[in-house]
Amino acid sequence: MTQTNDARPQLPLGLAGRGFSGVIHRIAAAEAGSALPDIELESRLIELGFVEGARVEVLYEGVVGRDPIAVRVENVTIAVRRREAMAVIVA
């Protein structure tokens, strides 16, 4: 994990637990391991509001395997698979 200027570690949103809140730093689709092509995953996430600088909070984790997760991005609640959430780097 790399450090940000405010010394808060960056991590993929897919590793964050319920209650986590932070800011999106970048989309790293190539690092997610998704079945979707990198460019398609990146486009879908951006269309849903996962953009640099947006505030994000993990609201809910699924019962089986903690998947999917419900996240609030700014004022919108979105459900995503953890695999795809691995492409969203937050701190």
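## Overall shape

What radius of gyration would a compact globule with 91 residues have, and what does the chain have? A globule of that kind would come out near 12 Å, and the chain has 12 Å, which agrees. The radius here is taken over C-alpha atoms, and the globule rule is 2.2 Å times the number of residues to the power 0.38. Along its principal axes, the C-alpha trace spans about 30 × 30 × 25 Å.

Some ground rules before going on. This is a predicted model, where local features need pLDDT of at least 70 and side-chain atom pairs count only at pLDDT 80 or more, while totals for chains, interfaces and linings use all residues. Residues are numbered from 1 along each chain as its sequence is written, and side-chain values use heavy atoms, with hydrogens and water left out.

## Fold and surface

The chain has two helices and six strands, running β-β-α-β-β-β-α-β along the sequence. These are DSSP runs numbered from the N terminus: helices are H or I with at least four residues, strands are E with at least two. Of the contacts with a separation of 6 or more, 60% are between residues 24 or more positions apart; a contact means heavy atoms within 4.5 Å.

As for burial, 41% of the 91 residues count as buried. The cut-offs are under 20% relative accessible area for buried, over 50% for exposed, and partly exposed in between (1.4 Å probe, protein chains only). The chain exposes about 5300 Å², with carbon and sulfur atoms supplying 52% of it. Areas come from the Shrake-Rupley method with a 1.4 Å probe, and for residues only the protein chains shown count as cover.

## Salt bridges

Side chains of opposite charge can pair when their charged atoms come close. Counting a side-chain nitrogen of Lys or Arg within 4 Å of a carboxyl oxygen of Asp or Glu, the total is six salt bridges. One of them pairs R26 with E31, with the closest N and O atoms 3.7 Å apart. R26 is partly exposed at 36%, whereas E31 is exposed at 55%.

E57 and R72 also meet in a salt bridge, at 3.7 Å from N to O. That pair links distant parts of the chain, with E57 in strand β3 (residues 55-61) and R72 in strand β4 (residues 69-73), 15 residues apart. Both ends are partly exposed: E57 at 31% and R72 at 34%.

Then there's R81 with E84, at 3.3 Å from N to O. Here R81 is exposed at 51%, but E84 is buried at 9%.

## Around S34

E84 turns up again here. S34 lies in the loop between β2 (21-27) and α1 (38-48) and is buried, with a relative accessible area of 15%. Its side chain makes a polar contact of 2.8 Å with the side chain of E84. Such a contact is a pair of N or O atoms within 3.5 Å; within protein, one must be able to donate a hydrogen and the other to accept it, and residues adjacent in sequence count only if both atoms are side-chain atoms.

The S34 side chain also reaches the backbone nitrogen of L36 at 3.0 Å. Leaving aside neighbours within four places in sequence, S34 is in contact with L41, R83 and E84.

## A nonpolar patch

Y60, V63 and V64 form a nonpolar surface patch with about 360 Å² of accessible area together. Patches are made of residues with over 30% relative accessible area and no salt bridge, joining like charges within 9 Å and nonpolar side chains (Val, Leu, Ile, Met, Phe, Trp, Tyr) within 5 Å. V63 sits in the loop between β3 and β4 and is exposed at 76%.
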